[in-house]
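Please look over the sequence and the three-dimensional structure below before reading on. The report that comes after them is written for someone new to this structure.

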Amino acid sequence: MHYGKFPVSAMILAFWFSVPAAAQKFHLEEASIADIHRAMRARQLTATRLVNLYLKRIDTYNGRCVSGAVDPATGYLLGDIAPVEKAGRVGALITLNLRGKRSKTDPVDADPNMPDALEVAKALDAEFARTGRLKGPLHGIPFAIKDQFDTFDMRSTSGAGANYANDRPPADAEIVARLRKAGAIILAKANMGEYASGDRSSHGGTTCNPYDTSRSAGRSSGGSGAAVSANLVTCAIGEETGPSARNPAANNSVVGIVATHSLVSRAGIIPASLTRDRPGILCRTVKDAATVLTAVAGYDPRDPATAASVGQVPGQPYERFTDNASLKGIRIGVVRELFRPFTRADEDSIRIVDQALRDLAKAGATIVDPGALFAQAIAELVPSLDAPTLAAAFKELFPAGTTMIEKTLDIASDPSKIPAEAILRVLVEREPPNSGEVRYALDRYLRERGDRNIRSVRDLLEQSTFYDHATIEGVTLPPRRRLEGLLTRTQQFTRKSDGSPFTQRTPIATLDVSGWHVLRTTLQMLVNKVMADNRLDALVYPTKTIPAPLLANPVEPAAFKSVKDTITATIDGQEYQRTADRAIDVRAPLTWRLSPNSGYPAIAAPAGFTREVYDRAVVRGEDGAKMAGELVGPKAVGLPVSIDFLGRPFSEPLLIRIAAAYEKATRHRRPPKDFGPVAGEP
């Protein structure tokens, strides 16, 4: 038997169709998939009633949560915004799957082949009444889908105010199609950082954190995370190129699974990368996230990368690995290199993660914590795998008059010559030089979508409404400037002869993503060696050490230690120079990127809440830019903290077991208190 294109064994179907009903009273807040199905079997709940219950919460809690001037022509907030404490709303959902509300280009919305969420729920109820059987493992479960994923029945623009002739794409993203085949109800599109970056979109506005609405919900996939955390949906789909979906998992105290890069199809994603995009699953429990993974994993001909998953999907549902999950016999390596407290702002999160290590040991795991887990592997492998990066980042190790081969041989024979701890952080956070990656991916998507108005990045620039603001240190540039940067590389120089400024603009015409592949291979070999040498089942480290930052404010500096290099260039016969910061030690103000940059699977699991946080004072530049000033605090705020469990490729069953056992032993997830049950909610 099959659900669409993906195989599901009879054993899996039997598992779902034979779970006995119980007479427990149903409560919506924090309801799991099992809770919902139990209530349906006990005839306490229908899919239609469930959708209406969530719609009531959405009506109550999903509104604008920041202040700013509204553009009268569009209704958008297009200028500066200011965060609002206790806003009572989160701005997590951008489009509801209800007739007349899901497309700006089709306001009539009468196509009978596009049933909305309530119509789908009604059909599921009728089928269940007729057969007494659930359609699949996600029967009647309401989902939010990040607006980066195509949905054939709803507006899909990656959060943009783009003037598509048809704002609905011609087909579902593969992951959406598989969710529907498994019985899921697509209730809404989640708000997102426009074109997969930032906390804000032109069409959807800003998403706010339900634990403190003045703070970030997790950047790009923040809408997906906030919707799940505030109980507006049961689960959501996000996307991870770098920090997201683990960043919203951490900021919202939910579980985030990002599978091995080849396990879940990327087909139908409005891309942010050729090399690193991955769907992410966000739910309130490990078991629910694993249940979703069962529905969406496996080979898809539309995404050639998933060919590597053939033979790698287990013969039983992923959620089965949560049953009686135990840490007995499990060896977990501590990536202590990612625990460094650069400032007071890191300390409380690290305290919580250190407690998580004690909890893991108490629950039966063997914790391997040598202090610098990767040092020997870095010394042995990096000089030969990626000597150019080593030489570029740590020029002081390669003095003039020596060759790269000579110095890498010296380093390989004497590991004490390199700062291995800093090298791991630099590698994990590195963005290699590349050319044309995002433009190529986005132009290709737009061509295949086939809209008559918008077929390229240039069309997006010409036919979109954009929000804008002055530069905010550590916060992504507004979308127009980012799209312009896909077409033209801009560099500021000073002419050596007279000190006059010069702006060089170079059209981007080449495609080269080889740097990302070198980085991925390097990180994979490092992880493989460390895990083999230490007989490890998984690695653990803080998902992030900086809690959710204030919205529209500078974040903690990423390049914690850097030097200024002078770069000289000859342009049209004249000599020019510019300075560039070269990071020699870095921190992750969002999340550590060991998983996305390696392509290896990770699960972000709630680990607790802070006692205090620090923020940065704002220093205004002459042009209105917001720059990071001194640390301000501490402030007593309880913000979520998470840990990452990372493993070998296709080790999702083992990671799920580990995360489920940790979840069972600690139970750190708690709902945000300002978004409790609404009137009449069971």
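The model is a predicted one, in which local features need pLDDT of at least 70 and side-chain atom pairs count only at pLDDT 80 or more, while totals for chains, interfaces and linings use all residues. Residues are numbered from 1 along each chain as its sequence is written, and side-chain values use heavy atoms, with hydrogens and water left out.

**Aromatic rings**

A pair of aromatic rings is described by the distance of the centres and the angle of the planes. Rings of Phe, Tyr and Trp (its six-membered ring) pair if their centres lie within 6.5 Å, and planes under 30 degrees apart count as stacked, over 60 as edge-to-face and the rest as tilted. The structure holds six such aromatic pairs, and two of them are set out here.

| Pair | Distance of centres | Angle of planes | Kind |
|---|---|---|---|
| Y211 and F609 | 5.5 Å | 55° | tilted |
| F493 and Y576 | 6.5 Å | 70° | edge-to-face |

Helices (H or I, at least four residues) and strands (E, at least two) are DSSP runs, numbered from the N terminus. Because Y211 lies in the loop between β11 (208-209) and β12 (212-216) and F609 in strand β24 (residues 602-609), their pair ties together parts that are 398 residues apart in sequence.

Residues are called buried under 20% relative accessible area, exposed over 50%, and partly exposed in between (1.4 Å probe, protein chains only). Y211 is buried at 15%, F609 is buried at 12%, and both F493 and Y576 are buried. F493 and Y576 form one aromatic cluster together with F502.

A charge sits over a ring if NZ of Lys or CZ of Arg is within 6 Å of the ring centre and within 35 degrees of the ring normal. R670 lies over the face of F609, at 3.7 Å from the ring centre, and R276 lies over the face of W516, at 3.6 Å from the ring centre.

Two strands pair if DSSP finds at least two bridges between them. β19 pairs with strand β20 (residues 501-507) in the antiparallel sense over seven bridges, and Q491 stands opposite Q504 in β20. The two strands form a hairpin with five residues between them, and in its turn G499 has a positive phi of about 75°.

**Helix α12**

Helix α12 (residues 404-413) has K407, T408 and I411 buried. These three residues cover an arc of only 100° around the axis (taken from the directions from the helix axis to the C-beta atoms), and they therefore lie on the same side of α12. The face turned away from that buried side carries the exposed residues I405, L409 and S413. The buried residues of α12 pack against α10 (375-385) and α11 (387-393), where contact means heavy atoms within 4.5 Å.

**Two histidines**

H469 is placed in the loop between β18 (464-465) and α16 (479-487) and is buried, with a relative accessible area of 11%. Leaving aside neighbours within four places in sequence, H469 is in contact with D80, R200, T476, P478 and R481. H37 lies in helix α2 (residues 33-41) and counts as buried at 1% relative accessibility.
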